[in-house]
Amino acid sequence: MFRLLIRLLNKFGILRFLNLNVPYQLNGMTFSIPLQAGIGFDHLFEKEIWMTVVLKKVLALKPNEAFVDVGVNLGQTLLKVKSTNLNIQYIGFEPNMTCVAYVNKLISRNGLGSVQIFPVGISDNDGHAVLYHASDKLEDSSASIIKEFRDVSNLGQKIIITFSEDRLSFLQDHVLGVVKIDVEGAELEVVGNLKSFINKDRPIIICEILPVYNIDNAFRLDRQNALIKIIKELKYLIYRIEIDGTLFEIDEIGIHSEIEDSNYLLVPLELKKFI
């Protein structure tokens, strides 16, 4: 009944005028979800059930190693990770300061320990980039730093800080067990700049790779091919994740237009027998 009320408040535009804290259960744990001017609403209605299924599998294989989340957004994965393994070391990268402010409140409200949030994106240069986002949604989960990835003519822009491999040297102090990448087209830059850490620690990688859609989209296709080349050079296997968490090993992603087929598990060859 309470969730119905929240839905109605959101539907009629009232929720954006309110600041609330709402209890939410996930994997047997109860979290306090801040709702700030409507931000945080999506936490209350579980999406990406496949992620929960996959996290239980991979975190069981890597229970004492760090979880790296590139593209924290509002902490959707953070809550799933902590509800699966409360004590795991979580290292998050999120360049959107609207999201960072919210996630810090989420962490504080729930007393989550062993969490570090770095307010930066991962790219090829140490400096800054433009983050393109929906003009009416500052926390936009589809925001991207890749200008050519989609039409940006009607999108808002934020200047964000970026780190390349050289500024990520602090990751050497951790053993990376699982890496999640959800960066709306910037996967090539992220994997390229984490390559040395991936090669050293051999983490399992959960990665969103959005569709090329058609052969005319040379920009996306070239980047996808370059990413797959790196993955294979690292001796990783590719599994497509179905919406129920089922895994299917594939050799190539290819050209398709199925948005549901955008999530992949990248597994070191030596761990194949455990998947």
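Phe149, Gly185, Glu187, Leu188, Ile209, Leu210, Arg220, Arg223, Gln224 and Leu227 line the largest cavity of the structure, which is a predicted model. The space in this largest cavity amounts to about 100 Å³. A search of the whole structure returns one cavity of 30 Å³ or more. By residue class, the lining of the largest cavity comprises five nonpolar, three charged and two polar residues. Two helices, α5 (187-201) and α6 (218-233), each contribute at least two residues to this lining. The largest contribution comes from α6, which supplies four residues.

Helix α6 spans residues 218-233 and α5 spans residues 187-201. Charged side chains also form a network of salt bridges, which links Lys195, Lys229 and Glu233. Over the whole structure, the search finds 14 salt bridges.

One of these salt bridges joins the side chains of Asp69 and Lys180, with an N to O distance of 2.7 Å. Asp69 belongs to strand β3 (residues 66-70) and Lys180 to strand β9 (residues 176-181), so that the pair, 111 residues apart, links distant parts of the chain. Both Asp69 and Lys180 are buried.

A further salt bridge is formed by Arg240 and Asp261, whose closest N and O atoms are 3.8 Å apart. This pair also connects distant parts of the chain: Arg240 is located in strand β11 (residues 236-241), whereas Asp261 is located in the loop between β12 (247-250) and β13 (263-268), 21 residues apart.

In the salt bridge between Glu249 and Lys272, the side chains meet at 3.5 Å, N to O. Glu249, with a relative accessible area of 41%, is partly exposed. Lys272 is likewise assigned as partly exposed, at 39% relative accessibility. In general, side chains of opposite charge can pair when their charged atoms come close.

Strand pairing was examined next. An open sheet is formed by three strands in the order β6-β8-β7, with mixed pairing. Its edge strands, β6 (121-122) and β7 (127-134), each pair on one side only. Strand β7 runs antiparallel to strand β8 (residues 155-163), to which eight bridges join it. Within this pairing, Val130 is placed opposite Ile159 of β8.

Strands β1 (residues 19-26) and β2 (residues 29-36) are likewise antiparallel and are joined by eight bridges. Asn21 has Pro34 in β2 as its bridge partner. The hairpin of β1 and β2 has two residues between the strands, and Asn27 adopts a positive phi near 55° in this hairpin.

Definitions and conventions. Residues are numbered from 1 along each chain as its sequence is written. This is a predicted model: local features need pLDDT of at least 70, side-chain atom pairs count only at pLDDT 80 or more; totals for chains, interfaces and linings use all residues. Side-chain values use heavy atoms; hydrogens and water are left out. Two strands pair if DSSP finds at least two bridges between them. On a 1 Å grid over the protein atoms alone, a cavity is a set of points where a 1.4 Å probe fits but cannot get out, and a pocket is an open set with protein on both sides within 12 Å along at least five of seven lines; lining residues have an atom within 4 Å of a point. Grid points are joined across faces, edges and corners, and a volume is the space filled by probe spheres set on the points. Ala, Val, Leu, Ile, Met, Phe, Trp, Tyr, Cys and Pro count as nonpolar, Asp, Glu, Lys and Arg as charged, and the others, Gly among them, as polar. A salt bridge is a side-chain nitrogen of Lys or Arg within 4 Å of a carboxyl oxygen of Asp or Glu. Buried means under 20% relative accessible area, exposed over 50%, partly exposed in between (1.4 Å probe, protein chains only).
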